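Have the viewer open as you read.

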Amino acid sequence: MTTKVLYRPTLVLNRNWQPVSVATVARALVMLWNETARVVDPADFRLYTWADWSRLTPREGDAIVRGCSLQLRAPEVVALSDYDRLPTAAVTFSRRNIFKRDHYTCQYCGTQPGTAELTLDHVVPRSQGGQSSWANCVLACLPCNKRKADRTPEQAHMHLRKQPIRPTWKPLYAAHRVRVESWSKFVSEAYWNVELASE
Ligand SMILES: [Zn+2]
């Protein structure tokens, strides 16, 4: 139970209280401990240092992190003490984000065999000048990847379920199934869902 709490998401704000990322409760507590962040109480926007936070008595219904000698409320929002970078505008082209965009699904046969059984496929193979880009990389299961080999989908007579494009979401929420209610005070839905200009 305690371990599970440590993996809950915590919204990370920069010094200007703009959301920059989502961290686990465990990570947020480390940031609190080493004073790189303070907890924001979403109810009254009070800021808490580790000393303040660890002294609070958990309320009924609070998610609790239990240590040997202390009980801590799991922070839902933290603000970085010394960080004013703005959130980046575009979704990073990364393996992780390709998995999210393609919903952990083989883009050729539609199976969901699990992360270990999925590979990144270059639609137009690199050997034929294909780039590593949002528009040319999709998830493929091992059998499809093997079958397609060093060919384009046309050459292999395989069909893409959909044309790969750069996703328009910010991976802030996408990273977590959980939507924390208190975050809505800090995150404008419109801001995160706005369609970003393609490159
Ligand atoms: Zn497949």
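Cys-109 counts as partly exposed because its relative accessibility is 38%, and buried would mean under 20% relative accessible area, exposed over 50%, partly exposed in between (1.4 Å probe, protein chains only). Keep in mind that this is a predicted model: local features need pLDDT of at least 70, side-chain atom pairs count only at pLDDT 80 or more, and totals for chains, interfaces and linings use all residues. Residues are numbered from 1 along each chain as its sequence is written, and side-chain values use heavy atoms, with hydrogens and water left out.

Q: Which protein donors does the zinc ion have?
A: Donors are N, O and S atoms within 2.8 Å of the metal (3.2 Å for Na, K and Ca), and water is not among the atoms, so sites may look incomplete. Here the SG atoms lie 2.3 Å from the zinc ion, and they belong to Cys-106, Cys-109, Cys-141 and Cys-144.

Q: What is the arrangement of the four donor atoms around the zinc ion?
A: Four donors pass as tetrahedral if all angles lie between 85 and 135 degrees. The angles here are 103 to 115 degrees, so the arrangement is tetrahedral.

Q: Is Cys-144 buried or exposed?
A: Its relative accessible area is 7%. That makes Cys-144 buried.

Q: How many disulfides does a search of the whole structure find?
A: You'd need a pair of cysteine sulfur atoms within 2.5 Å. Searching the whole structure, the count of disulfides is zero.

Key. Tetrahedral: all angles 85-135°; square planar, octahedral: opposite > 155°, others 65-115°.
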